[in-house]
Amino acid sequence: MTSEPEQLAAMRVWLRRALGAQDVGPEERGRLVAATSELCANSIRHAYGGRRGEPITVSLRTSEDEVMIEVDDRGRPFDPSRYRPPDLDAAPERGLGLHIARVAVDHLSFDVNAHGGNHWTLLRRRARTGSDGGERR
Amino acid sequence: MRIELTRTPGATVVAPEGDLDLAVADDVRSRLTGLIEAGEVRLVLDLAAVPYVDSSGLGVLVATMKRARAAGGDIKLCALQPDVRSLLEMTRLVKIIDVHPSRAEAVASWQ
């Protein structure tokens, strides 16, 4: 996908279908789609600062045990030292995206990719078994 | 984003259609702010036709809640789809924003 906010809905439709094709159940799908959508939105808003037409790659791999989704961009990398978790008791208006990505999956990790951009990896253990497979958008 | 407005004696019902995400958040925020500034501070947000809300959309809900409460009203949500409820639970907003199963119950709560 590219970095237009209007692309997010199409990415979610694609990911939901791809996860469904790998027998990932509705609740798991919802969590994985939410986490992935938030990371893509962060690429749009923060890595690219709202610039349109920039590349964001979402890759999906599944095994019997887990689902792995990777999100890559070529924008300004996330600075973990500046991240402050939102105070959920204070009804925050901002900063919920990364919180959602963290709590929706079992493991979230960040690295800088070969393009100097963001490389996020999401892992979620599967509630039920399914066939191996992978897709990319 | 298409938003249907229905005025009842007790509240204004706002029913958006489609995902409430980064792409539409600013538009929805300004339309809800417009309602509050026009004195419509008792709001019901019917999310029956909203399959997904992202963090930008949740930010709109929180901002609207704060604005409405500051003006003496509030926002009540109803008819949440499963993914939307799950996001409200993950962010604990379900404890802060009033949620009702149906539009009728949300409107009745304003009577």
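Buried residues make up 56% of the 111 residues in chain B; buried means under 20% relative accessible area, exposed over 50%, and partly exposed in between, with a 1.4 Å probe and protein chains only. This is a predicted model: local features need pLDDT of at least 70, side-chain atom pairs count only at pLDDT 80 or more, and totals for chains, interfaces and linings use all residues. Residues are numbered from 1 along each chain as its sequence is written, chains are lettered from A and ligands numbered from 1 in the order in which they are written, and side-chain values use heavy atoms, leaving out hydrogens and water.

**Chain B**

- Chain B has four helices and five strands; helices (H or I, at least four residues) and strands (E, at least two) are DSSP runs, numbered from the N terminus.
- The order from the N terminus is β-β-α-β-α-β-α-β-α.
- The radius of gyration of chain B is 12 Å, close to the 13 Å that the globule rule gives for 111 residues, so chain B is as compact as a globular protein of that length. The radius is taken over C-alpha atoms, and the rule is 2.2 Å times the number of residues to the power 0.38.
- The C-alpha trace of chain B spans about 30 × 25 × 25 Å along its principal axes.
- Of the contacts in chain B with a separation of 6 or more, 70% are between residues 24 or more positions apart. Contact means heavy atoms within 4.5 Å.
- Chain B exposes about 4,500 Å², and carbon and sulfur atoms supply 50% of that area. Accessible areas come from the Shrake-Rupley method with a 1.4 Å probe; for residues, only the protein chains shown count as cover.

**R31(B)**

- R31(B) sits in helix α1 (residues 25-37) of chain B.
- Its relative accessible area is 35%, so R31(B) is partly exposed.
- Leaving aside residues up to four places away in sequence, R31(B) touches M1(B) and I3(B).
- R31(B) and I3(B) are 28 residues apart in sequence, and their C-alpha atoms are 9.2 Å apart.

**Chain A**

- Chain A has three helices and five strands, in the order α-α-β-β-α-β-β-β from the N terminus.
- A compact globule of 137 residues would have a radius of gyration near 14 Å; chain A agrees, with 15 Å.
- Its C-alpha trace spans about 40 × 35 × 25 Å along the principal axes of chain A.
- In chain A, 50% of the 137 residues count as buried.
- The accessible surface of chain A is about 6,800 Å², with 44% on carbon and sulfur atoms.

**Helix α1 of chain A**

- Helix α1(A) (residues 7-21) has 15 residues and reaches 21 Å from first C-alpha to last, close to the 21 Å expected at 1.5 Å a residue. The expected span is 1.5 Å times one less than the number of residues.
- Buried in α1(A) are L8(A), M11(A), R12(A), W14(A), L15(A), A18(A) and L19(A).
- They cover an arc of only 165 degrees around the axis, which puts them on the same side of α1(A). The arc is that of the directions from the helix axis to the C-beta atoms.
- R17(A) and A21(A) are exposed, on the face turned away from the buried side of α1(A).

**Interface**

- Chain B gives 22 residues to the contact and chain A gives 27 residues.
- The two chains bury about 1,900 Å² between them, 59% of it on carbon and sulfur atoms. Buried area is the accessible area (1.4 Å probe) that two parts lose on being put together, summed over both.
- In chain B, L22(B), Y52(B) and M90(B) lose the most area to chain A, together 30% of what that side buries.
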